[in-house]
Amino acid sequence: MKILVCISHVPDTTSKINFTENDTQFDKNGVQYVINPMDEYCLTRAMWFKEKQGASVTVVNVGTQETEATLRKALAIGADDAIRVDASATDSFFVAKQLAEVVKNGNYDLVLAGKESIDYNGAMVPGFMAGLLDYSFINACVGLEIAENTATAIREIDGGSETLETNLPLIIGGQKGIVQEADLRIPNMRGIMMARKKPLQVVPAVAAASEVETVKFEKPATKGAVKLVDADNLDELISLLHNEAKVI
Amino acid sequence: MSVLVFAESSGGKFNKTAFEATSFGRTVANALETDLTVLSVYMDDVSPLYTYGADKVLRVNNEALNTSDANVYANIIKQAAEQEGADTVIISLNANGYYLAPLVAVSLDAAYASNAVSLESTSPFVIKRKVFSNKAFANVALNTTNKVIGLAKNAFGVHENPVAGTAVDFEPTFIASKIKRTAVDKTTGKVTIADADIVVSGGRGLKSGENWGMLEELAEILGAATACSKPVADLGWRPHAEHVGQTGKQVASNLYIAIGISGAIQHLAGVNSSKVKVVINTDPEAPFFKAADYGVVGDAFEVVPALVEKLKAFKAQNG
Ligand SMILES: Cc1cc2nc3c(=O)[nH]c(=O)nc-3n(C[C@H](O)[C@H](O)[C@H](O)COP(=O)(O)OP(=O)(O)OC[C@H]3O[C@@H](n4cnc5c(N)ncnc54)[C@H](O)[C@@H]3O)c2cc1C
Ligand SMILES: Nc1ncnc2c1ncn2[C@@H]1O[C@H](COP(=O)(O)O)[C@@H](O)[C@H]1O
């Protein structure tokens, strides 16, 4: 089985979010980049298929050279090889087009992507890929098993989950649950050394139109100070919630 | 040119998100000076949609709809858009909406804006959407003829706008489902975080899972869902499905009550979209107070039971 894991390179979860150039660009100053958390869960599941079922695992990112450190981290966790599509990842449709091309050329049986990246929160790329390739697609996946050509997946639905069966090739929008947090791997020294020697192929982007253009970023309006209510005066809290906030 | 909304229902009732998407669709249709069509599945009586501004409702009911393959739904939405000449399609982002909307966008060659909160202008067509885990917004211009908007839950609200609507039966062709559903596991009889107007959430300050009784009591009086911080789920005090934050569930309720939660940035990323936040914490310096609307500095083990009693009295009076 050939697995492709799509890795998006995102600001660490504690990053302060600021903008520059008249609020048109994200301010990368002082920001640490990491593998998108949902992608890390997917990669860990892919490692399980590699170790238990002999799958090969390729990681891919659409990005400029600065994302290579993130791909090397994925290699240090255990992926066999990496592909970087050399382009600035500005538009999700453009990114999905590039990834679909990689999938076609590499004949992957299983494509794992995160349900959503924590930077632009598109929740678009896996669905776009599925639409472009006409592969089976399961989103919000919190459990995945593969036997021969059949996948059994658990999908999170509002208020619960459901178990689904489908055939490969398959695209997954994965999230926490596809493995448990305790199973995530921190790259060790040996992994990091080996990652340096693993192949990282840079391929040119294919032509694709950009459909969405960011005009301006905004921060939420700064809110007023908290209204403190005395612990002995909870009637006031109830009255505020009822009369002022009108939420109860 | 017209606007098409997909309205979800479950168990023979429209979801609240169906009304919210229709309300938003009415606003978009007005801005574009065009009509609003709503595609409704499984429902016989679609008149509630007229209340929110649906000029025309396409009604479809077919065994083929009973599938978990979002492609089947994407395909009938495409047929409806083509039949109605709709160039703007609106889908509310609950679990099914997230699954479905990108597929619809590809099939209509449409640009897609997810996590949308408002329409900013029609020419250029600019949508405001949530980015960076609710820490910011981006105004994005959609540069294609066809457009798909994924509406963030509870971002726009439900607004009445009654029109004299009409309903017609819609008979699309159905593509084969590639996915077989073998089991469903739904928590019944409990308000879920996704649907709740009010969420009562507890953190490590509650010391142990056994202390959740008072939270559940509070939630029951308020008709609220219960939630928790990540360490609480990691410690096994509560199920993982209740964990809220950057790596867990997103809450977009009207009211979020945080009890014994410090307010770490990763937790706040999951609750920033809630309209009103109340914090109960012993530590006046807890970061959550900076993000809160109302706060009580105090011990949860005293404040929560007292609040439960006061609310019982309040509910008895106000029904
Ligand atoms: C990559 C990453 C992702 C993460 N994702 C998430 C996420 O999605 N969701 C999430 O929640 N966290 C997440 N975290 C963890 C987060 O950083 C915090 O550690 C966590 O939110 C703290 O949980 P807490 O507030 O329950 O516990 P604590 O920080 O221990 O806070 C307990 C609070 O309870 C108060 N308290 C104590 N006793 C009482 C009492 N008797 N009455 C009232 N108050 C009391 C204390 O003053 C304190 O403020 C993530 C962390 C990382 C690194
Ligand atoms: N530039 C990128 N390169 C590779 N994969 C990506 C990229 N952007 C997004 N993805 C994948 O698509 C998922 C969803 O991203 P998004 O649609 O941007 O929220 C991510 O979790 C990644 O798996």
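Predicted model: local features only at pLDDT ≥ 70, side-chain atom pairs only at ≥ 80, totals over all residues.
Into which domains is chain B divided?

1. Residues are numbered from 1 along each chain as its sequence is written, chains are lettered from A and ligands numbered from 1 in the order in which they are written, and side-chain values use heavy atoms, with hydrogens and water left out.

2. Back to the question: chain B has domain 1 (2-169) and domain 2 (198-318), with bounds from an automatic or database domain assignment. The C-alpha centres of these two domains of chain B are 32 Å apart.

3. Where the two domains of chain B meet, 6 residues of domain 1 are in contact with 10 residues of domain 2 (contact means heavy atoms within 4.5 Å). They bury about 660 Å² between them, 33% of it on carbon and sulfur atoms; buried area is the accessible area (1.4 Å probe) that two parts lose on being put together, summed over both. On the domain 1 side, B:N134, B:K135 and B:N154 supply 67% of the area buried against domain 2, more than any other three residues.

4. Now for the two chains. The contact draws 68 residues from chain A and 79 residues from chain B, and the pair buries about 6400 Å², 59% of it on carbon and sulfur atoms. In chain A, the residues losing the most area to chain B are A:D158, A:E211 and A:E218, together 10% of what that side buries.

5. Between chain A and chain B the salt bridge count is 7. In one between these chains, B:K178 pairs with A:D134, with the closest N and O atoms 3.4 Å apart.

6. Finally, the inside. The largest nonpolar core has 97 residues, and A:V5, A:V59, A:L112, A:L144 and B:L39 touch the most other members. Such a core is a set of buried Ala, Val, Leu, Ile, Met, Phe, Trp, Tyr and Cys residues joined through side-chain atoms within 4.5 Å, where buried means under 20% relative accessible area (1.4 Å probe, protein chains only). A second, separate core of 40 residues includes B:A7, B:L32, B:I90 and B:L151.

Terms used: Buried < 20%, exposed > 50% of the residue type's maximum accessible area, 1.4 Å probe, protein only. Salt bridge = Lys/Arg side-chain N within 4 Å of Asp/Glu carboxyl O.
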